[in-house]
Amino acid sequence: MKLFIVENYDEMTKLTYDIIEKVVKSKENPVISMTTGGTPEGLFEMMVNEDNKDNLDLSNTVVMNLDEYIGPKDAPYSVNRYMNERLYNKLKKQPKEKLLINGDPDKIEESIEEYKKLLDQNKRDIQILGLGTNGHIGANEPGTKFDSSIFLAHHEDSTIESTMKQYNIERSEAPDKMITLGFKEILEAEQVILMASGKSKAEAISKTIKGEITEEVPASYLKDKDNVIIIIDQEAASLLF
Ligand code: PGA
């Protein structure tokens, strides 16, 4: 694992963007898998700005996702909607393929099988990750086995609360399950980039980096892996030293 501690959110975003840009510009058929949520908002904004200025061309790139909530495709919290509103609808040039997970509650098994096939067919160059305040990555919540493979996950309370806050919705409207890539698929990517910013992530970062490797802190499993880059800002790093 490589650890980069940068000044602030914008620098975390820029460093992550630069890695994506390099892959998109240098590979023949790049495949990047994105996360959603608050952390990558700036990253999506930067991707859109660079596309609009003709500096970034995703037309040879396959874009995939880390996860999707179980619920309607157009629900305020859906990854599908997030990707459309924050990326696809704003790009001048669309990616070669936009491979979203289907979160239809009636098709969970089929959706998992379908995405498994797509993951096998598309070797990912980059997997972007955020970090839960409880140390989760994707919806691999504390207690998830390290050999997890794309599955239906149930959220912990802290995760449901983050979703409520992020999308300004009541608990009764908030999803409690999602299809998520497991540790297996996450670590198959050539480069795995975990981003974390702000004081609310400091404890999870400290446990991830200074603590032991334990299922209780899912992100801790990443730290002895050569293909993992952790990019955090000063506030997220504030309990490290
Ligand atoms: P956040 O979520 O980026 O909205 O803080 C991170 C995560 O739960 O993975």
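## Strands E7 and E8

Strand E7 is joined to strand E8 (residues 177–180) by four bridges, and the two run antiparallel; strands here are DSSP runs of E with at least two residues, numbered from the N terminus, and two strands pair if DSSP finds at least two bridges between them. Within this pairing, Phe151 stands opposite Thr180 in E8.

This is a predicted model, in which local features need pLDDT of at least 70, side-chain atom pairs count only at pLDDT 80 or more, and totals for chains, interfaces and linings use all residues. Residues are numbered from 1 along each chain as its sequence is written, and side-chain values use heavy atoms, with hydrogens and water left out.

## The three-stranded sheet

Strands E7 and E8 belong to an open sheet of three strands, ordered E4-E8-E7, with antiparallel pairing. Strand E4 (67–69) and strand E7 (151–154) each have a single partner strand and stand at the edges, so one side of each is left without a neighbour in the sheet. Neighbouring strands of this sheet are turned by 30 degrees against each other on average, direction ignored; the axes are lines fitted to C-alpha atoms, for helices over the stretch in contact, and angles run from 0 to 180 degrees between N-to-C directions.

Strand E2 (residues 31–34) runs parallel to strand E3 (residues 62–65), to which four bridges join it, and Ile32 stands opposite Val63 in E3.
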